[in-house]
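Please walk through this structure part by part, with the sequence and the model side by side. The paragraphs below are meant to be read in order.

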Amino acid sequence: MQKIVIAGCSGRMGHALLEGVFEDDGLELHGALDRADSPQIGRDAGEQLGRKTGVKVTADVAAAIRGADVLVDFTRPEPSLEYLEACRRAGVKLVIGTTGFSAGQKQQIERAAQDVAIVFAPNMSVGVTLLISLVQAAAKVLNQGYDVEIIEAHHRFKVDAPSGTALRLGEAAAEALGRNLEEAAIYGRQGVTGERDPNTIGFATVRGGDVVGDHTVLFAGIGERMELTHKASSRATFALGALRAAKFLADRRVGLYDMQDVLGLKK
Ligand SMILES: NC(=O)C1=CN([C@@H]2O[C@H](COP(=O)(O)OP(=O)(O)OC[C@H]3O[C@@H](n4cnc5c(N)ncnc54)[C@H](OP(=O)(O)O)[C@@H]3O)[C@@H](O)[C@H]2O)C=CC1
Ligand SMILES: O=C(O)C1=N[C@H](C(=O)O)C[C@H](O)C1
């Protein structure tokens, strides 16, 4: 039985993860973290889902992870890095699904992975993990005369843009095309922009309503265009992927992994 701590347990993904843990006989809810000023602190972690778990929501990370196997984090970059350091010190493995990290913050995660095993991925769904490989394959063939544009749509509550997934898809395309995404990326256009630079990779962001998460990678040439699209219709897909990642970590002591490692898609 793997002992799981859920960080951000009162959030949208927190609830999906709790449901996933309740339905999995191989997993046990060991701890539940939320922000110190959350009204859920001190309440049973299952209360909002009509369940009694015996685990109280806390902001005390050291107490929550004591004796745990894996912390699963879907929060914000700042608390995520705080949990990362606590887990590194305590030898507790991590699944990090949070997005919106800066380059420096991502390096902090890389460094921590020298001491503890971590799965870090901006999208834990099987479909998007496969999409990353498909984009790499497509970009290698459509490497001349095709403009690459990435379009994503999410719910009105999302706080970071472009999505972590869109950025990862951009990295996959850039790598396959021999480009550096930092130099190639164009985040939105306005005014007299001039003709499109063929070396760029464009990003377009849509926010509205309850869209769970849509991503399209467009390869647009003269006379044809190809679109690779993934649409998530439930957060359960991300939660199941994250819990699969937690199980993958059972046999790993240190190292930084992504969902392609978890699904065995790396050559
Ligand atoms: N990798 C993947 O597959 C996926 C990644 N994500 C990412 O996961 C993250 C969370 O998404 P979502 O669940 O929709 O977001 P929510 O806002 O619904 O949940 C975030 C949770 O983190 C808590 N939180 C926020 N700020 C702090 C803080 N300073 N300290 C401690 N806890 C805090 C929130 O508490 P409170 O409600 O009290 O503010 C809440 O419980 C985002 O970065 C999102 O992009 C989302 C879906 C899939
Ligand atoms: O915030 C969300 O909801 C999601 N965030 C992730 C991202 O930024 O890529 C993954 C998913 O699309 C949902």
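**The surroundings of the ligands**

Helix 1 is the largest contributor to the shell around ligand 1, giving 3 residues. Helices (H or I, at least four residues) and strands (E, at least two) are DSSP runs and are numbered from the N terminus. This is a predicted model, in which local features need pLDDT of at least 70 and side-chain atom pairs count only at pLDDT 80 or more, while totals for chains, interfaces and linings use all residues. Residues are numbered from 1 along each chain as its sequence is written, and chains are lettered from A and ligands numbered from 1 in the order in which they are written.

Helix 1 (12–22) and helix 3 (77–90) each supply at least two residues of the shell around ligand 1. In total, 24 residues surround ligand 1, and the closest are Gly-8, Gly-11, Met-13, Pro-79 and Gly-97; a residue counts as near a molecule or strand if its C-beta atom, placed from the backbone, lies within 6 Å of it. By class, this shell has 7 nonpolar, 12 polar and 5 charged residues, where Ala, Val, Leu, Ile, Met, Phe, Trp, Tyr, Cys and Pro count as nonpolar, Asp, Glu, Lys and Arg as charged, and the others, Gly among them, as polar.

Ligand 2 has around it Thr-99, Pro-122, Asn-123, His-154, Lys-158, Ser-163, Gly-164, Thr-165 and Gly-213. These residues divide into 1 nonpolar, 7 polar and 1 charged.

An open sheet is formed by 7 strands in the order 3-2-1-4-5-6-12, with parallel pairing; two strands pair if DSSP finds at least two bridges between them. Strand 3 (57–58) and strand 12 (255–257) stand at the edges with a single partner strand each, so one side of each is left without a neighbour in the sheet. Strand 2 (residues 27–33) runs parallel to strand 3 and is joined to strand 3 by 2 bridges, and Ala-32 stands opposite Val-57 in strand 3. Helix 1 lies across strand 1 (2–7), strand 2 and strand 4 (70–73), running at about 165° to strand 1. Contact here means that the C-beta atoms of two residues, placed from the backbone, lie within 7 Å, and axes are lines fitted to C-alpha atoms, for helices over the stretch in contact, with angles from 0 to 180 degrees between N-to-C directions.

A second open sheet has 5 strands in the order 8-9-7-10-11, and its pairing is mixed. Its edge strands are strand 8 (185–187) and strand 11 (225–232), each of which pairs on one side only, and the twist averages 15° from one strand to the next. Helix 5 (residues 126–141) packs on this sheet, where helix 5 touches strand 7 (147–154), strand 10 and strand 11, and its direction makes about 170° with that of strand 11. Strand 10 (residues 213–220) and strand 11 run antiparallel and are joined by 8 bridges. Within this pair, Leu-218 has Glu-227 as its bridge partner in strand 11, while Gly-213, which also belongs to the surroundings of ligand 2, stands opposite Ala-232. The hairpin of strand 10 and strand 11 has 4 residues between the strands, and there Gly-223 takes a positive phi near 95°.

Another local feature is the cis peptide bond that joins Ala-161 and Pro-162, with omega about -15°. Pro-162 lies in the loop between strand 7 and helix 6 (164–177).

At the level of the whole chain, the protein is divided into domain 1 (2–120 + 235–262) and domain 2 (126–232), with bounds that come from an automatic or database domain assignment. The C-alpha centres of domain 1 and domain 2 lie 28 Å apart, and the contact takes 7 residues from domain 1 and 8 residues from domain 2. On the side of domain 1 that touches domain 2, helix 8 (236–248) and helix 9 (259–262) each supply at least two residues.
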